[in-house]
Amino acid sequence: MSENIINIKYQDKDITLVKTAHISKNSVEDVKRTVEEIKPDSICVELDADRYDSIINSDSWRNRDIVQVIKDKKVGFLMVNIILASFQKRMAKKMDNTSGQEMITGIHLAKENDLNLVLADRSIKNTFTRIWNKLGFFEKAKLIYAIFLSIFEDEDITEEDLEQLKKSDALEAALNEIGKDFPIVKEVLVDERDKYLAYKIKNAPGNKIVAIIGAAHAGGIIKNIPLEYSIDELDDTSKKKGIGSLLKWVLPLALIGIVVYTLIQNRDVGLSQIYSWFLWNGSLSAFGVLLAFGHPLSILTAFVMAPITSLNPLLAAGWFAGLTEAHIRKPKVKDFENLAEDTSTLKGFWHNRVTHILLVVIMANIFSTIGTFVSGVGIISSFINII
């Protein structure tokens, strides 16, 4: 057996973990050899239903509705997915291999041998939602910036490097580095999924189980398999009601109250506050769309909607600007086909119509937030001067 194969005894079950790197050819061979030798009752793969469907229905991207993505408030989720998928595909291409081929191999072996196939991973939507809900505004901005920069790194990675990464000591060091900058991301992306994967694996049907997992999760899975717990909480994506949720409504209402009071006390100052609010919000949001090379109508939409949506936590200027952009510049089939290649460069991000629309949404929202802060400070300052 390879050093990447780990055998665990849990109650009456024999569990075999196959540690893999998702772009390594050697991982595929490990999977084939292990299944042939073990002859398991179940094969567990580190996939959720959505990722499994994307593998089985490889043309499903043709039916993706970018307008619905904006309406469902999943722009950030889709953008992160595109970035991560693009990075992994480009790395796999360097290694002359297919990204996730070891998972595909596991699926085919389960079907060919009439074995139970267990999708052992948590929904990627739930994972990203839990990360997003736990991060503060500045942490979100820092994470987006870090992810965006990472896609343009072009380091050469050899098979030897990949095999080295499978060793727990090197892997733990890498994860510890992530934890220093983004401890919440590591907690949700790695630690929580370790528990989720362990639960699904040890509860898979049959007595002999082979689990195909990313090497990063091996240590956590081994630790959690003997433990008894429920995974219901790990699937909970409801946002905890706290002071942050309350402030989203209190602050806009307070600003409106301040402007109304100022109008009563000094009409000219009050009108100046309103003018400042519309100018800063609208202009900066429009500027964000301009930076994303949005259509003039999208720029105008951001200018008009930003001052209004900034007063309603349930709305965002970027959604309206993005919907306008999507209507005018509908993505074509080739845009989805070229996502992996286009998103490898900054120019490609702006050129591809899919990521272009997502950028319009994101840039409009970011600069609208800046405009809200700038104009809000001005309104409060002028209010203080008249009391």
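Strand β2 (residues 13-20) and strand β5 pair in the parallel sense over seven bridges, where two strands are taken to pair if DSSP finds at least two bridges between them, and where helices (H or I, at least four residues) and strands (E, at least two) are DSSP runs numbered from the N terminus. The model is predicted, so that local features need pLDDT of at least 70 and side-chain atom pairs count only at pLDDT 80 or more, while totals for chains, interfaces and linings use all residues. Residues are numbered from 1 along each chain as its sequence is written, and side-chain values use heavy atoms, with hydrogens and water left out.

The pLDDT, the predictor's confidence in each residue from 0 to 100, averages 82 over the chain, and 78% of the residues score at least 70. Among the elements of the chain, β3 has the highest mean pLDDT (97) and helix α9 (residues 168-181) the lowest (54). Over residues 168-173 the pLDDT is below 50, and this stretch has five contacts in the model beyond near neighbours in sequence, a contact being heavy atoms within 4.5 Å. Where pLDDT is low, the predicted coordinates should not be read in detail.

Strand β5 (residues 208-214) is mostly covered, with six of its seven residues buried; buried means under 20% relative accessible area, exposed over 50%, and partly exposed in between (1.4 Å probe, protein chains only). Gly-214 in β5 is the bridge partner of Thr-20. Strand β5 also runs parallel to β3, to which four bridges join it, and Ile-43 stands opposite Val-210 in β5. Ser-42, which lies in strand β3, is buried, with a relative accessible area of 0%. The side chain of Ser-42 makes a polar contact of 3.4 Å with the side chain of Asn-116, a polar contact being a pair of N or O atoms within 3.5 Å; within protein, one must be able to donate a hydrogen and the other to accept it, and residues adjacent in sequence count only if both atoms are side-chain atoms. In the loop between β3 (42-45) and α2 (49-56) is found Glu-46, which counts as buried at 5% relative accessibility. The side chains of Glu-46 and Arg-193 are joined by a polar contact of 3.0 Å, and a polar atom of the Glu-46 side chain lies 2.4 Å from the backbone nitrogen of Gly-214.

Tyr-229 is buried, with a relative accessible area of 17%, whereas Tyr-199 counts as partly exposed at 26% relative accessibility. The rings of Tyr-261 and Phe-383 form an edge-to-face pair, since their centres are 5.7 Å apart and their planes at 75 degrees; this pair links distant parts of the chain, with Tyr-261 in helix α12 and Phe-383 in helix α19, 122 residues apart.

Definitions and conventions. Phe/Tyr/Trp six-rings, centres within 6.5 Å; stacked < 30°, edge-to-face > 60°.
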